[in-house]
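Colleague: I would like to go through this model and hear the grounds for the labels put on it.

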Amino acid sequence: MRSKTETIISALRVLANDIQSGDGVANAAIAEAADRMEELCSELLFYRKLNKNFVEAGRICAQIYIARNISLSEKDVVSALVEIDKLYRDENHN
């Protein structure tokens, strides 16, 4: 069975507090490992969302390409580009 990453991070934090080490090096190393795992999970989540936005932007670009070839109005093309821009602006604010 594979544990959830959040569970492992929590367990590492408990270990970092509970381990009895004379110089505290083990505690610090375990705490840092938990911090790094948490940071990596956050970055992974960000890049997964960004990838999803790239896929959506590609879909919108395909629609623009098709639309331009069937003489879609410039207003509709600009509207689609605004949609793409919004995907990335929203991502930067979250």
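Colleague: This is a predicted model. Which helix does N27 lie in?

Modeller: N27 belongs to helix α2, which covers residues 25-69.

Colleague: Why is N27 counted as buried?

Modeller: Its relative accessibility is 15%, and buried means under 20%. N27 therefore counts as buried.

Colleague: Which residues does N27 touch, leaving out those up to four places away in sequence?

Modeller: A16, N17, I19 and S21. Contact here means heavy atoms within 4.5 Å.

Colleague: What makes up the largest nonpolar core?

Modeller: Nine residues: L50, A57, I60, I64, V77, A80, I84, L87 and Y88. Such a core is a set of buried residues of nonpolar types joined through side-chain atoms within 4.5 Å. Helices α2 and α3 (74-93) each supply at least two residues of this core, and the largest share, five residues, comes from α3. There is also a second, separate core of five residues, I9, L12, I30 and A34 among them.

Colleague: Which residues line the largest pocket?

Modeller: The lining consists of T5, E6, I9, M37, E38, L40, C41, L44, L45 and R48. The space in this pocket is about 220 Å³.

Colleague: Which helix gives the largest share of that lining?

Modeller: α2, with seven residues. Both α1 (5-18) and α2 supply at least two.

Colleague: How many residues of the lining are nonpolar, polar and charged?

Modeller: Six are nonpolar, one is polar and three are charged. Glu and Arg count as charged, and the lining includes E6, E38 and R48.

Conventions: Residues numbered from 1 in each chain as written. Predicted model: local features only at pLDDT ≥ 70, side-chain atom pairs only at ≥ 80, totals over all residues. Heavy atoms only, no water. Helix = DSSP H or I, 4+ residues; strand = E, 2+ residues; numbered from the N terminus. Buried < 20%, exposed > 50% of the residue type's maximum accessible area, 1.4 Å probe, protein only. 1 Å grid on protein atoms, 1.4 Å probe; cavity = no way out; pocket = protein on both sides within 12 Å on 5 of 7 lines; lining within 4 Å. Points joined across faces, edges and corners; volume = space filled by probe spheres on them.
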